[in-house]
Amino acid sequence: MLPEAFMQGGGGGVTATNLWVVWEQGRAVLIAPFLRVMVWVCLVMSVMILVEKVYLGVVCAFLKLFMRKPEKKYKWEPMKKKKKEEDLEVGGDLDYPMVLVQIPMRNEKEVYHLSIGAACNLSWPADRIIVQVLDDSTDTAIMALVQQECRRWAGKGVNIKYETRENRKGFKAGSLKQGMKHSYVKLCEYVAVFDADFEPDPDFLCRAIPFLVHNPEIGLVQARWKFVNSDECMLTRMQEMSMDYHFTVEQEVGSAVHAFFGFNGTAGVWRMSALNDAGGWKDRTTVEDMDLGCRAALKGWKFVFLGDVRVKSELPSSFKAYRYQQHRWSCGPAFLFKKMVMEIVTSKNVSVWRKVYLIYAFFLVNKIVAHIVTFVFYCLVLPATVLIPEVKVPLWGAVYIPLAVTLLNALPCPRSFHLVVFWILFENVMSLHRTIATFIGLLEVGRVNEWIVTEKLGNTLKSKTGSKSTLKLPRFQIGDRLHLLEIIVGFFLLFCGSCDFYFGKNRFYVYLFLQGIAFLVIGIGYIGVFVTA
């Protein structure tokens with residue numbers, strides 16, 4: 001059909017025919033075989049993801065159905081109060097272990113007071129807790145504000161330490177590592193970590209610490225994140241859907257089945273001996289939290305995830321901040337996998353089953369394959385088959401597998417199920433950046449060690465108008481809002497969709513048009529929020 005339509009262009013009919021014959025022969029010999037291989041490689045990766053999602057879904061359903069909570073698997077008893085009045089006069093609340101609370105921050109003008117205030121309000125004996133604020137700010141005005149806030153709480157009787165360092169090498173990992181060198185840290189048995197925008201409830205330590213006290217094999221207790229701004233805009237709503245799956249399914253199953261999951265870097269409590277046994281904080285990658293967790297797992301320590309304990313936090317509400325965050329979260333694990341794969345293989349402290357789980361499920365499928373196949377298959381290979389009709393994609397690979405994976409991902413967030421189509425399109429756009437970041441990490445090039453603090457707005461939006469926020473779509477600014485890669489991919493998808501609509505038989509054009517529009521909308525910066533001056 002296409003040759004006849006192509007040849008209707010008048011005068012150059014013979015030339016057009018010759019060009020078409022050359023194109024047909026060239027694509028059949030050179031392009032089609034390569035594309036066919038890519039299709040089957042992507043189908044294999046899609047099956048890997050589907051099997052992993054089904055497995056996680058089945059286990060998660062089992063845990064929910066039979067209410068298999070951590071309290072049933074591990075010993076948990078509330079912290080005991082003093083029984084003898086004389087003990088209070090001698091040594092204080094010695095039944096409570098000494099806890100260090102670390103709050104690393106860097107130029108967190110809008111949210112620094114949230115984590116400091118929440119940490120200072122934790123229900124724990126004042127003589128058994130040390131709040132350590134690790135300020136890596138480069139803005140002296142912000143440093144003065146943070147220091148003033150620490151003095152304010154110190155005046156209320158809180159044992160709070162304000163710490164800075166001469167250089168800021170190693171970013172967050174370097175700050176946490178430096179914080180562990182202070183003499184008073186040696187008095188502490190456990191250390192809780194909270195990023196600047198995290199607000200633990202007063203009973204956080206009372207609910208988490210008993211797992212560590214009564215189960216010496218547990219090295220980490222991780223709480224779930226609760227997002228205070230998930231309804232801010234469509235961008236934050238999409239993030240909530242992805243993060244809900246991560247916590248509800250991935251973390252829950254990892255904790256229940258393998259006693260291992262990726263440490264989220266905040267809202268967690270470490271046993272000090274486990275942290276030191278693993279080698280402490282290292283700044284060799286931009287995912288220092290995952291690095292520490294993997295090394296602790298290889299030492300045989302167990303992890304517990306508490307889905308019922310939720311710590312308030314903030315999602316990035318600007319697309320720029322979200323892109324930087326996703327680059328770090330995609331590049332870092334790939335780079336860490338490259339560094340740790342032989343450590344995992346040669347480890348003598350863990351079983352073969354845990355090694356297989358770490359290498360195949362934790363890293364390969366969820367941190368590498370999932371990013372690559374989403375973009376390469378659904379945004380490059382599948383559209384390309386429209387232009388190369390010799391290559392066919394099976395219906396089960398083009399429709400049934402992505403449909404099943406999508407449903408399994410969306411179920412943990414039922415309140416946003418009606419947004420699932422928007423979520424698919426958004427995730428496919430983000431897979432472009434995640435794929436690039438994954439290859440940067442694997443190849444150890446370019447921005448492999450880039451660390452940019454995720455911008456947080458805190459109460460800025462509310463403070464502008466009192467009870468209502470001034471959420472608006474971002475202003476269009478050439479150079480700042482345009483994203484060239486998204487625009488290029490968007491036009492490519494629209495072109496493939498048009499070819500499929502006029503000449504093809506696959507009927508992929510509905511998806512291709514929607515996905516192309518999604519790339520263009522995000523490509524011109526029409527997503528996220530900004531704050532009016």
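Guide: With a bridge. Valine 101 has valine 131 of β2 as its bridge partner. Keep in mind that this is a predicted model.

Visitor: What makes β1 and β2 a pair?

Guide: Two strands pair if there are at least two bridges between them. Strand β1 (residues 99–105) and β2 have 7 bridges, in the parallel sense, so they are paired.

Visitor: How do you know that β2 and β3 pair?

Guide: By the bridge count again. β2 and strand β3 (residues 160–163) share 4 bridges, also in the parallel sense. At least two are needed, so the pair qualifies. Valine 131 has isoleucine 160 as its bridge partner in β3.

Visitor: Which helix lies on the path from β2 to β3, and what is the handedness of the crossover?

Guide: The chain goes through helix α6 (residues 140–154), and the β-α-β crossover is right-handed. β1, helix α5 (residues 112–120) and β2 also make a right-handed β-α-β unit.

Visitor: Why is β2 called mostly covered?

Guide: Buried means under 20% relative accessible area. In β2 (residues 129–135), 7 of 7 residues are buried. Ile129, Val131, Val133 and Asp135 point one way, while Ile130, Gln132 and Leu134 point the other way. Both sets are buried.

Visitor: What makes aspartate 136 and arginine 165 a salt bridge?

Guide: The limit is 4 Å between a side-chain nitrogen of Lys or Arg and a carboxyl oxygen of Asp or Glu. The closest N and O atoms of aspartate 136 and arginine 165 are 2.7 Å apart, so the pair counts. Aspartate 136 sits in the loop between β2 and α6, and arginine 165 in the loop between β3 and α7 (171–179), so the bridge ties together parts 29 residues apart in sequence. Both aspartate 136 and arginine 165 are buried.

Visitor: How do you know that lysine 172 and aspartate 195 form a salt bridge?

Guide: Their closest N and O atoms are 2.9 Å apart. That is within 4 Å, so the label holds. Lysine 172 is in helix α7 and aspartate 195 in the loop between β4 (190–193) and α8 (204–214), so this pair ties together parts 23 residues apart in sequence. Lysine 172 and aspartate 195 are both buried.

Visitor: Why are arginine 224 and aspartate 244 called buried?

Guide: Arginine 224 has 8% relative accessibility, and aspartate 244 has a relative accessible area of 10%. Both values fall under 20%, so both residues are buried. Their side chains meet in a salt bridge (3.2 Å, N to O). Arginine 224 is in strand β5 (residues 218–227) and aspartate 244 in helix α9 (residues 234–258), 20 residues apart.

Visitor: How many salt bridges does the whole structure have?

Guide: The search finds 17. Asp231, Arg237, Glu240 and Arg415 are linked in a network of salt bridges.

Visitor: Why is tyrosine 400 called partly exposed?

Guide: Exposed means over 50%, buried under 20%. Tyrosine 400 has 48% relative accessibility, which lies in between, so it counts as partly exposed. Tyrosine 400 is in helix α14.

Notes
Residues are numbered from 1 along each chain as its sequence is written. This is a predicted model: local features need pLDDT of at least 70, side-chain atom pairs count only at pLDDT 80 or more; totals for chains, interfaces and linings use all residues. Side-chain values use heavy atoms; hydrogens and water are left out. Buried means under 20% relative accessible area, exposed over 50%, partly exposed in between (1.4 Å probe, protein chains only). A crossover is right-handed if, with the strands pointing away from the viewer, the path from the first strand over the helix to the second runs clockwise.
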